[in-house]
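I opened the model to look up its sheet, its cores and a few single residues. My entries follow in the order I made them.

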Amino acid sequence: MARNVVISGGGTGIGRAAAQVFAAEGDRVLLLGRRAEVLEKAGVPGASTYAADLADVDAVRGVVGFVERELGTVDVLIHSAGGTGQLEPAVEGGDALDAVAHNWTVNFRLNLLTAALLTEGLKERLASPGGRVLFVSSIAAYRGSGSGAYGAAKAGLHPYAHDLARELGPRGITANVVAPGYVEDTEFFGAAIDPARRERLVGDTVTGRAGTPGDIAATLHWLASVGAGHVTSQVVQVNGGAERGH
């Protein structure tokens with residue numbers, strides 16, 4: 001039977017790739033994101049869209065109401081929204097501490113608060129049994145992200161997923177995390193990445209290549225499958241061997 005799949009950050013990159021995989025199997029897909037025009041251009045067959053800032057409580061209430069009216073039950077909830085704040089306005093002024101506070105606040109809001117609010121808002125709508133909650137983390141949660149803010153925000157998803165797994169397990173619902181390494185063809189690195197940095201990131205892998213959105217989408221799809229019903233409270237790294245976490 002067709003499932004109801006809700007994907008945040010579904011208009012681009014990993015979220016869009018995941019949406020295409022689920023839609024190809026006939027599942028009903030709802031794409032969430034802040035930019036309505038991006039969602040509408042995602043090109044996912046049969047998908048519905050809802051534009052909302054998932055870090056805003058009232059906006060999340062709007063999403064919850066839409067899901068209740070249009071879908072009823074959520075079989076798969078995928079959190080792919082996030083980023084380092086490239087779409088955010090820069091902090092005004094030249095004070096270094098203001099810049100630090102802005103960077104950390106933005107990163108936690110985009111990567112952690114969005115996931116927590118959406119999950120808590122839809123928690124009672126999750127299919128019981130059989131529901132799946134999936135978070136997209138990052139290799140940065142293990143090895144840092146330069147400033148620390150992005151990696152710390154992504155790392156915060158890990159204990160949250162573990163707590164959810166314990167809470168939702170009695171309802172037959174699993175909660176897992178997928179932590180990608182360097183993935184090309186996403187908005188994360190902007191229009192272009194410095195060739196030297198790309199070479200270093202690819203050189204960290206044992207597969208000798210960059211990841212693709214399809215690599216991550218395939219892992220998310222498996223974790224949402226019946227066959228992964230006994231897999232929960234896990235962080236699955238998909239990085240070509242660049243990092244071996246615990």
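I began with strand 2 (28-33) and strand 3 (48-51): strand 2 and strand 3 pair in the parallel sense over four bridges. Leu-32 stands opposite Tyr-50 in strand 3. I noted the ground rules next. This is a predicted model, in which local features need pLDDT of at least 70 and side-chain atom pairs count only at pLDDT 80 or more, while totals for chains, interfaces and linings use all residues. Residues are numbered from 1 along each chain as its sequence is written, and side-chain values use heavy atoms, with hydrogens and water left out.

My terms for the sheet: helices (H or I, at least four residues) and strands (E, at least two) are DSSP runs, numbered from the N terminus. Two strands pair if DSSP finds at least two bridges between them.

In what order do the seven strands lie? I read 3-2-1-4-5-6-7, an open sheet with parallel pairing. Strand 3 and strand 7 (235-238) are the edge strands, each pairing on one side only. On average, neighbouring strands are turned by 20 degrees against each other, direction ignored. For angles, axes are lines fitted to C-alpha atoms, for helices over the stretch in contact, and the values run from 0 to 180 degrees between N-to-C directions.

**Middle strands**

Strand 1 (residues 4-8) runs parallel to strand 4 (residues 76-79) and is joined to strand 4 by four bridges. Ile-7 has Ile-78 as its bridge partner in strand 4. Four bridges also link strand 4 with strand 5 (residues 132-136), again parallel. Across that pairing, Leu-77 stands opposite Val-133, and Phe-135 is the bridge partner of His-79. Strand 5 continues to strand 6 (174-180) through five bridges, in parallel. There Phe-135 has Val-177 as its partner.

I counted a residue as buried under 20% relative accessible area, exposed over 50% and partly exposed in between (1.4 Å probe, protein chains only). Which residues of strand 4 are buried on each side? Val-76 and Ile-78 are buried on one side, Leu-77 and His-79 on the other. Strand 5 is also covered on both faces: Arg-132, Leu-134 and Val-136 are buried on one, Val-133 and Phe-135 on the other. Five of the five residues of strand 5 are buried, so strand 5 is largely enclosed by the rest of the structure. In a regular strand the side chains alternate between the two faces of the sheet.

Contact here means heavy atoms within 4.5 Å. Helix 7 (157-168) packs on the sheet and touches strand 5, strand 6 and strand 7. Its direction makes about 175 degrees with that of strand 5. Helix 9 (residues 213-223) lies across strand 4, strand 5, strand 6 and strand 7, at about 165 degrees to strand 6. Its buried residues include Ile-216, Ala-217, Leu-220 and Leu-223. The buried residues of helix 9 also pack against helix 1 (13-24).

**Cores**

I took a nonpolar core as a set of buried Ala, Val, Leu, Ile, Met, Phe, Trp, Tyr and Cys residues joined through side-chain atoms within 4.5 Å. The largest has 30 residues, and Val-6, Val-133 and Phe-135 have the most contacts inside it. Elements giving two or more residues to this core include helix 3 (57-70), helix 4 (96-122) and helix 7. Another core, of 24 residues, lies apart from it and includes Ile-14, Ala-17, Ala-18 and Phe-22.

I listed the contacts of Phe-135 beyond four places in sequence; among them are His-79, Ala-115, Tyr-160, Leu-164 and Val-177.

**Asn-4**

Is Asn-4 buried or exposed? Asn-4, in strand 1, counts as buried because its relative accessibility is 10%. A polar atom of its side chain lies 2.8 Å from the backbone oxygen of Thr-73. Beyond four places in sequence, the contacts of Asn-4 include Arg-28, Leu-71 and Asp-75.

Key: Polar contact = N/O pair within 3.5 Å; in protein donor to acceptor, adjacent residues only side chain to side chain.
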